[in-house]
Each structure stands twice: as C-alpha cells, then as structure tokens.
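I opened the notebook to record what I looked up in this structure, going from the overall fold to the sheet and then to one helix contact.

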Amino acid sequence: MAYPFTLPELTYPEDALEPVIDRQTMMIHRTKHHQAYINNLNKALEPHADLHSLCGGKLCRALSTLPESIRTAVRNNGGGHWNHKAFWTMLCPASQSGAPSPALAAAIDSSLGGIEAMKTKFGTAAASRFGSGWAWIVVKADKTLAVTSTPNQDNPLMSGFVEVEGVPILGLDVWEHAYYLNYQNRRPDYVSAFWSIVNWSEVSRRFADTTV
Ligand SMILES: [Fe+2]
C-alpha cells in the first residue's frame, strides 16, 4: 500500500552535498517542503481508499483519470512528493558522482549531441524556467532522450498535462527554496554546480529500467 506516504530517508548525510547544497537548505527543503507535499497528498487521498494502492508515479501517470475534486491537489502534492523523492536519489556526494553508463552515454550522444551539449541544453531549460519548476532529462516513448522543463510540481509523467512526456531519469529542482540560502538570485550558478553531485549510477539505473 502506498498510502499514507512518508518521508524517505536519505542515503547520505544531510551535509554530504556541501558546498553545492548546504546542510540547512537540505534540512529545510526535505523536512519542511517535501514533508508538506506528503502531508497534503495524504490529506487529499484520505477519503479515496480506492487510490491508496497507487504509488506516487502511478498517481502522476493517472492524473487525467482522477476525480476532479482532488486532481489539482494530487498534481501539486503528488508531483511534489514524486519529484523530491526522485531528486534525493539523483544526487550524491561529489566524490561518488561517477559517470554515465556506456549505454546512457551512447544515448546522450545520439539524442542530445554529447554530454557538453546536454549540459548546455539542460542549463538553458533550468535557467529559463520562469518562476518555480524543474528541469528534466527524460526517456520518451520512442526511447530517445529529451531535455525539458515543467512549471510548479508538474513532471513529465503527467500525461496530457505537460509539453514533453516521458520517464524522468534526471531532474533538478529550480524552485527558489532549493537554492536561495546559498545562491540567492544566482540560479545559473546553482545549475552549474549541480553537475558535480549528480548520482550517475542512479541516473544510469533509471535509464536502464526504462529501456528493458
Ligand atoms: Fe523543492
């Protein structure tokens, strides 16, 4: 049973991503912001026992079929939960960042023009997302990769609600709550620094899981 949703444990210490993400930002982001999405998602789903077996990803995929009375709440808070839960796993201490698997590196070359071109496209998507949202690398239905961004807590799993649909393998939170203590208005600096703490082992695993 997925319901009630709970805050997942980190697989690294709260300060392990410093100096890219400082301990206080991580603590507030996870235990206040992420926890609030979980609380609000649980509250929205409480009267809907028929939905309690669905995980966050399935709720996002099923958004268009959900009762209209809870659709916006699930979009914002189910998205908020899935996005942050995935995000924490996509990060790791810089010393463990590693590199894309050979299969993922080949896909990055063929779909995105190589790793440097990928970083440029992703950086543009992250920097140009107006207001709050996320930048993503997704695997599309045709198995190619694409760079996209979504507003608020939307994600590319939300079929019918987003410009580019697909399975996210890498995401970056560009809400101000993710970086403002350390970077203030310098979102591009946060985006650049992010690459050093990408958990390429996890991103490669997510890529492999979408292509089997
Ligand atoms: Fe966030």
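The entries below follow that order.

**Ground rules.** I am working with a predicted model, in which local features need pLDDT of at least 70 and side-chain atom pairs count only at pLDDT 80 or more, while totals for chains, interfaces and linings use all residues. I number residues from 1 along each chain as its sequence is written.

**Overall fold.** I found eight helices and three strands in the chain, where helices (H or I, at least four residues) and strands (E, at least two) are DSSP runs numbered from the N terminus. Along the sequence I read the pattern α-α-α-α-α-β-β-β-α-α-α. The radius of gyration, taken over C-alpha atoms, is 17 Å, which agrees with the value near 17 Å for a compact globule of 212 residues; the globule rule is 2.2 Å times the number of residues to the power 0.38. I noted that the C-alpha atoms fill a box of roughly 45 × 40 × 30 Å along the principal axes. Buried residues make up 39% of the 212 residues, a residue being buried if 20 or more other C-beta atoms, placed from the backbone, lie within 10 Å of its own.

I traced an open sheet of three strands in the order 2-1-3, with antiparallel pairing, where two strands pair if DSSP finds at least two bridges between them. Strand 2 and strand 3 (167-173) stand at the edges, each with a single partner strand, so one side of each is left without a neighbour in the sheet. Strand 1 (residues 133-139) pairs with strand 2 over seven bridges, and V139 stands opposite L145 in strand 2. Their hairpin has five residues between the strands, and there K143 takes a positive phi near 75°. Six bridges join strand 1 to strand 3, with I137 opposite L170 in strand 3. I also checked the burial of strand 2 (residues 145-151): five of its seven residues are buried, so strand 2 is largely enclosed by the rest of the structure.

I then turned to helix 5 (residues 115-128) and helix 7 (residues 187-194), whose axes come within 10 Å and cross at roughly 145°; axes are lines fitted to C-alpha atoms over the stretch in contact, and angles run from 0 to 180 degrees between N-to-C directions. G123, A126 and A127 of helix 5 make the contact with R187, P188, V191 and S192 of helix 7, two residues being in contact if their C-beta atoms, placed from the backbone, lie within 7 Å.

Key: Buried ≥ 20, exposed ≤ 12 C-beta atoms within 10 Å, placed from the backbone.
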